[in-house]
Amino acid sequence: MKERIYISGAITGTDDYMERFGKAQKELESQGYSVINPALVNSNMPEDTTYAEYMKMAFTMLDMCQTIYLLNGWEKSIGANMERGYAINKGKNIIHQDGTEDEFILNLNQKIKDIEEQYNGEPGYIKELMIQENLSFVELHYYCAMGAR
């Protein structure tokens, strides 16, 4: 089964979003991904669809994916920021169009390594704790912060 990926980027207030999302979709499909392109879905929604309804649809589509793909300029979009935060909380893989690694995930992975070394010394200890306690990444971050005191 192909890995499913969700494209995230600025839509509201931009004129070229269909082209940008379409180009990304073609590129990702050429790499073997099954792609969810929210620009195509949004273009088929009724004109009276609210922003909140769009975002609800976005989170539902993101739930169907293992990975989020952040288009260049995502950080200027409130919606893309919310999608990224949702993806982090759900433990999704994050790929940036420009190839950089996600700063939050890098910091979190380092924090996990530090805590594993400090408390148990066994790789995978924190991940196992997450599974046992059914913690999200955000809850884990809070848990780690509280445990480190």
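Analyst: Let's start with a pair of helices. In this predicted model, helix 3 and helix 4 pack with their axes 11 Å apart, at an angle of about 35 degrees.

User: Is that crossing left-handed or right-handed?
Analyst: The crossing of helix 3 and helix 4 is right-handed.

User: Which residues in the two helices meet?
Analyst: From helix 3 you get Tyr51, Met55, Ala58, Phe59, Leu62 and Asp63. They meet Ile78, Gly79, Met82, Glu83, Tyr86 and Ala87 in helix 4. By type, the residues of this contact divide into nine nonpolar, one polar and two charged.

User: OK, zooming out. How many helices and strands are there in the protein?
Analyst: Seven helices and four strands. Starting at the N terminus, the elements run β-α-β-α-α-β-α-β-α-α-α.

User: And in what order do the strands sit in the sheet?
Analyst: The order is 2-1-3-4, in an open sheet of four strands with parallel pairing. On average, neighbouring strands are turned by 30 degrees against each other, ignoring direction.

User: Which strands stand at the edges?
Analyst: Strand 2 (34–36) and strand 4 (93–96). Each has a single partner strand, so one side of each is left without a neighbour in the sheet.

User: What about strand 1, how many of its residues are buried?
Analyst: Four of its five, so to speak: strand 1 is mostly covered. Strand 1 covers residues 4–8 and pairs with strand 3 in the parallel sense over four bridges. With strand 2, strand 1 pairs in the parallel sense over three bridges.

User: Which residues are across from Ile5?
Analyst: In strand 3, Ile5 stands opposite Thr67. In strand 2, the bridge partner of Ile5 is Val35.

User: Which strands does helix 1 touch?
Analyst: Helix 1 (residues 17–30) packs on the sheet and touches strand 1, strand 2 and strand 3. The direction of helix 1 makes about 155 degrees with that of strand 1. Helix 4 packs on the sheet too, touching strand 1, strand 3 and strand 4, and its direction makes about 150 degrees with that of strand 3.

User: Switching topic: what's in the largest nonpolar core?
Analyst: That core has 15 residues, and Tyr6, Ile36, Leu62, Ile68, Leu70 and Ile94 have the most contacts inside it. Helix 3 (51–63), strand 3 (67–70) and helix 4 (78–89) each supply at least two of the core's residues. There is also a second, separate core of 11 residues, including Phe21, Val35, Ala39 and Tyr69.

User: You listed Leu70. What does Leu70 touch?
Analyst: Leaving out residues up to four places away in sequence, Leu70 touches Ser8, Arg84, Ile94, Ile95, His96, Gln97 and Asp102.

User: I also spotted Asn72. Where is Asn72?
Analyst: Asn72 sits in the loop between strand 3 and helix 4.

User: Which residues does Asn72 touch?
Analyst: Gln97 and Asp98, not counting residues up to four places away in sequence. The C-alpha atoms of Asn72 and Gly9 are separated by 7.3 Å, though these residues are 63 apart along the chain.

User: Last one: what share of the protein counts as buried?
Analyst: Of its 149 residues, 36%.

Terms used. Residues are numbered from 1 along each chain as its sequence is written. This is a predicted model: local features need pLDDT of at least 70, side-chain atom pairs count only at pLDDT 80 or more; totals for chains, interfaces and linings use all residues. Side-chain values use heavy atoms; hydrogens and water are left out. A nonpolar core is a set of buried Ala, Val, Leu, Ile, Met, Phe, Trp, Tyr and Cys residues joined through side-chain atoms within 4.5 Å. Buried means under 20% relative accessible area, exposed over 50%, partly exposed in between (1.4 Å probe, protein chains only). Contact means heavy atoms within 4.5 Å. Axes are lines fitted to C-alpha atoms, for helices over the stretch in contact, and angles run from 0 to 180 degrees between N-to-C directions. A crossing is left-handed if the near helix is turned anticlockwise from the far one by less than a right angle, and right-handed if clockwise. Ala, Val, Leu, Ile, Met, Phe, Trp, Tyr, Cys and Pro count as nonpolar, Asp, Glu, Lys and Arg as charged, and the others, Gly among them, as polar. Two strands pair if DSSP finds at least two bridges between them.
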